[in-house]
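Q: Please take a close look at one part of this protein and set it in its surroundings. Keep it brisk.

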Amino acid sequence: MNPATALATVLVDELVRCGLTDVVLSPGSRSAPLALALHAESRVRMHVRIDERSASYVALGLARRMERPVALICSSGTAVANFHPAVIEASESGVPLLVLTADRPPELRGTGANQTIDQVKVYGGATRWFAEVGVPEERPGQIAYWRSLACRAYQRAMGPSDPGPVHLNLAFREPLIPDGDTTWCEPLDADGPWVRARVAPPPVALHLPPTRRGVLVVGDGAANVRRYIAAAGMAGWPVLSEPNGGGRYGDHAISTYHFLLGTPEFADAYPPDVVVTLGRPGLSRPLLSWLKRAPEHIVVATDLSRWPDPTRSATQVAQAVEIPVAAGDDSWLHGWRRADAAARAAIDDLLDTSGLSEPRLARDLVEALPNGALLFCGSSMPIRDLDQAMRPRRGIRLLANRGTSGIDGLVSTAIGAALAHNGPSFALLGDLTFLHDQNGLILGPREPRPDLCLVVVNNDGGGIFSLLPQAALRDPFERIFGTPHGVNLEYAVAATGTPYTLVSDLSELPKALRGEGLRVVEVRTEREQNAALHAAMREVAQSAIRASLT
């Protein structure tokens, strides 16, 4: 057996023994040993994508939804560089990825050989661990090295306290395909994983003093959400959860916190004794400003070397927190709920008469989803529309790429998440986000296909900029911020044979969402009207909140 085939066979086998179930592959010559080993491995589901950037985000979506490592494989050269944005997102979001890049052997590097770049630590600080595997050789000891290396890579990617991407750079000399010889100088087989990582005992929780005037904030990537929601309920605390935080449900969920905390009269009247933050909040500027005023701000982070604190207001950081039941009246919680109900009623009344608008689409889409559905959300306006318009509800799983909050690769991420989800999947994306990753719709005839409906809001440009100060710069705004594209999305979708539906009235939405397989629903809106509606939402919500305080 040639060394390249031996390394690939052993590496794939050991990763499977560790728990690997899915791998995303982009075609190439230098990665042939890995591709062939995976093709022969019946225990792994393989996904092939011709575009490395799309492939990397498919892997990201799979790993994010499954919460365990997914392998990502490509050939040498700039193929490796196309993985970089997804590796960064995985690092910032704490998503476990195993990046296996094929490389030329050392004697071909720095010589002008085809498809050769410097791949050593090419992702810099974005990986949790990097290993230059070395050119395989037929000599005793190689099998132990390869199996131990695979186990270390899998376990480091998985965490448990700090999951993220791991990069193995694999140099292969020719021949790159099996030569018919199956002999090797030592047995290739193993009875089980080379290393069994032990789960660390649960951390000792930080015990808080009892108080009724506490608030639980839930952001992206929060862990153990249900346990903390239950504890907050027993303590009488309101829960401020971003849609993708997974905590916007139940009687204590305050869905209009963006408007409450943006109303000075309310923020001044309801100062907390303590705020406990799970995950990474980052959608609402009023919330972030309010956190700075909290006398005690406790951040819960599974890894004490990397904790989110964008406002630099954390007073304590702990791996776990014990929220005790507190005696006293419920005036604190009732005040939050009363103001929330008033703001929610005012916003809903406005949206009900807004026609086909982006916030109403976000609200009505969530209401229309069946229990057990997955909703993947775009990082720009869609997630903010959900944050401001979505009512509390149970029964759905909402994901977003909020590690770096980029718009790239989101069609592919949604597809990856849908492939890992046991149930119907949906996505809410903007038009620029969709066009940025329309290659994600390219699926080969033998590839696993997701049950995913992509709902695309088309306002012919970057809608979020119309809500920012840049919108006042009328002369340069449209070209350098608004960036209209004039693309007919129906034609773009037709190029891949993907089913397409145009929704011109929101009464048509429930019917348009029905179906199976990969499909696209387009909703056309106007950017200036959307900006005016958001201003009106803020005005009616704040008026209702002030009235509730009297």
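This is a predicted model: local features need pLDDT of at least 70, side-chain atom pairs count only at pLDDT 80 or more; totals for chains, interfaces and linings use all residues.

Start with helix 12. It covers residues 358-368, and Asp-364 sits in it. Nine of the eleven residues of helix 12 are buried, so the helix is largely enclosed by the rest of the structure. The buried ones are Glu-358, Pro-359, Arg-360, Leu-361, Ala-362, Arg-363, Asp-364, Leu-365 and Val-366. Charged side chains are on that list, including Glu-358, Arg-360, Arg-363 and Asp-364.

The N-terminal end of helix 12 has a cap. Ser-357 provides it, with a side-chain oxygen 3.3 Å from the backbone nitrogen of Arg-360.

Now Asp-364 itself. Its relative accessibility is 18%, and the cut-off for buried is under 20%, so Asp-364 counts as buried. Its side chain makes a polar contact of 2.9 Å with the side chain of Arg-363. Leaving out residues up to four places away in sequence, Asp-364 touches Leu-506 and Leu-509. An α-helix has 3.6 residues a turn, so residues three or four places apart point the same way.

The loop between strand 15 (396-400) and helix 14 holds Ser-405. Ser-405 is not a glycine, yet its phi is positive, at about 60°. Ser-405 is partly exposed, with a relative accessible area of 29%. Asp-460 is another non-glycine residue with a positive phi, near 55°. It lies in the loop between strand 17 (452-458) and helix 16 (474-482). Asp-460 is partly exposed, and its relative accessible area is 29%.

Two cis peptide bonds deserve a check. One joins Gly-159 and Pro-160, with omega about 5°. Pro-160 lies in the loop between helix 6 (142-158) and strand 6 (165-171). Another runs from Glu-174 to Pro-175, with omega near 5°. Pro-175 is in the loop between strand 6 and strand 7 (206-207).

Next, Ser-26. It sits in the loop between strand 1 (22-25) and helix 2 (32-39). Its relative accessibility is 0%, so Ser-26 counts as buried. The side chain of Ser-26 reaches the backbone oxygen of Arg-49 at 2.9 Å. Beyond residues up to four places away in sequence, Ser-26 touches Ser-31, Arg-49, Asp-51, Glu-52, Ala-55, Ile-73 and Cys-74.

Arg-64 is in helix 3 (residues 52-66). At 11% relative accessibility, Arg-64 counts as buried. Its side chain makes a polar contact of 3.4 Å with the side chain of Glu-89. Neighbours within four places in sequence aside, Arg-64 is in contact with Glu-89, Ser-93, Val-95, Asp-220, Leu-399, Ala-400, Asn-401 and Arg-402. Among these, Leu-399 and Ala-400 belong to strand 15. The C-alpha atoms of Arg-64 and Thr-496 are separated by 26 Å, and the two residues are 432 residues apart along the chain.

Last, the whole chain. It has 19 helices and 19 strands. Its radius of gyration is 25 Å, close to the 24 Å that the globule rule gives for 550 residues, so the chain is as compact as a globular protein of that length. The C-alpha trace spans about 85 × 55 × 40 Å along its principal axes. Buried residues make up 56% of the 550 residues. Take contacts between residues at least 6 apart in sequence: 74% of them join residues at least 24 apart. The chain exposes about 22,500 Å², and carbon and sulfur atoms supply 52% of that area. There are 53 positive and 59 negative charges, and their mean positions are 3 Å apart.

Note on methods: Residues are numbered from 1 along each chain as its sequence is written. Side-chain values use heavy atoms; hydrogens and water are left out. Helices (H or I, at least four residues) and strands (E, at least two) are DSSP runs, numbered from the N terminus. The radius of gyration is taken over C-alpha atoms; the globule rule is 2.2 Å times the number of residues to the power 0.38. Buried means under 20% relative accessible area, exposed over 50%, partly exposed in between (1.4 Å probe, protein chains only). Contact means heavy atoms within 4.5 Å. Accessible areas come from the Shrake-Rupley method with a 1.4 Å probe; for residues, only the protein chains shown count as cover. The place of a charge is taken as NZ of Lys, CZ of Arg, CG of Asp or CD of Glu. A polar contact is a pair of N or O atoms within 3.5 Å; within protein, one must be able to donate a hydrogen and the other to accept it, and residues adjacent in sequence count only if both atoms are side-chain atoms.
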